[in-house]
Amino acid sequence: MGHMTSFTIQEVAQRSGLSEPTLRYYEDVGLVGPISRDTSSGHRRYGDTDVDTLEALACLRAAGVGIGDMRTYLANRIRGREAAAEQRDLLLRHAERIEAEIAAQRVRLEYLREKAALWDARDRGDDTAEAKAIERLIDVVEVLR
């Protein structure tokens, strides 16, 4: 029988970027596991497949994917090609959400820059530049709302 590589929770946390409490939580909610235990200490011992799954979950988590969609992603991953369209749609739905978040952040950034331009004009005593900055701010605030 071949020797299976096993990792401690600390090693998996370091490899995946997920905290130890998150690793325990993911096991508790059934995203991974059940994780094997060391027979003498009772400590978790993660296998290569567990680590692979957790690294995928860490990427999904970093992209803002919630537990429910993580669960769907993992189920689709097991189903393979027959779930490819569903998997694609799940990932594109999250890509669209992120695109919307980026657009909202761009508006917030524009607001801050225009507000700074207004205060720069005031600092310089430039009434014309201040008036223009106010006009641009009014437009940005409409989008911001």
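Among the elements covering the buried residues of α4 are α2 (20-28), α3 (48-62) and α5 (84-124). The model is predicted.

Visitor: Which residues of α4 are buried, and where do they fall around the axis of α4?

Guide: Buried means under 20% relative accessible area. In α4 this holds for Met70, Tyr73, Leu74 and Asn76. Seen down the axis, the buried residues of α4 fall within an arc of 165 degrees, so they line one face of the helix.

Visitor: What span should helix α4 have, and how far apart are its end C-alpha atoms?

Guide: Helix α4 covers residues 67-79, which is 13 residues. The expected span is 1.5 Å times one less than the number of residues, so α4 should span 18 Å. The end C-alpha atoms agree with this, being 18 Å apart.

Visitor: Which residue just after α4 takes a positive phi?

Guide: The helix α4 ends at residue 79. Just after α4 comes a residue with a phi of about 70 degrees, and that residue is Gly80.

Visitor: Why is the pair of Tyr25 and Tyr26 called tilted?

Guide: A search of the whole structure finds one aromatic pair. The ring centres of Tyr25 and Tyr26 are 6.2 Å apart, and the cut-off for a pair is 6.5 Å. Planes under 30 degrees apart count as stacked and over 60 as edge-to-face. The planes of Tyr25 and Tyr26 stand at 50 degrees, so the pair is tilted.

Visitor: Is Tyr26 buried or exposed?

Guide: Tyr25 has 41% relative accessibility and counts as partly exposed. For Tyr26 the relative accessibility is 3%, and the limit for buried is under 20%. Tyr26 therefore counts as buried.

Visitor: Which rings have the charged end of an Arg over them?

Guide: The charged end of Arg15 is 4.8 Å from the centre of the ring it sits over, that of Phe7. For Arg122 the distance is 4.6 Å, and the ring is that of Trp119.

Visitor: Is His43 buried or exposed?

Guide: His43 lies in the loop between β2 (36-37) and β3 (44-47). Leaving aside residues up to four places away in sequence, His43 touches Ser36, Arg37 and Asp38. Its relative accessible area is 54%, and the limit for exposed is over 50%. His43 is therefore exposed.

Visitor: How many Å separate the centres of domain 1 and domain 2?

Guide: The protein chain is divided into domain 1 (1-79) and domain 2 (97-144). Taken over C-alpha atoms, the centres of domain 1 and domain 2 are separated by 44 Å.

Notes
Residues are numbered from 1 along each chain as its sequence is written. This is a predicted model: local features need pLDDT of at least 70, side-chain atom pairs count only at pLDDT 80 or more; totals for chains, interfaces and linings use all residues. Side-chain values use heavy atoms; hydrogens and water are left out. Rings of Phe, Tyr and Trp (its six-membered ring) pair if their centres lie within 6.5 Å; planes under 30 degrees apart count as stacked, over 60 as edge-to-face and the rest as tilted. Buried means under 20% relative accessible area, exposed over 50%, partly exposed in between (1.4 Å probe, protein chains only). A charge sits over a ring if NZ of Lys or CZ of Arg is within 6 Å of the ring centre and within 35 degrees of the ring normal. Domain bounds come from an automatic or database domain assignment. Helices (H or I, at least four residues) and strands (E, at least two) are DSSP runs, numbered from the N terminus. The arc is that of the directions from the helix axis to the C-beta atoms. Contact means heavy atoms within 4.5 Å.
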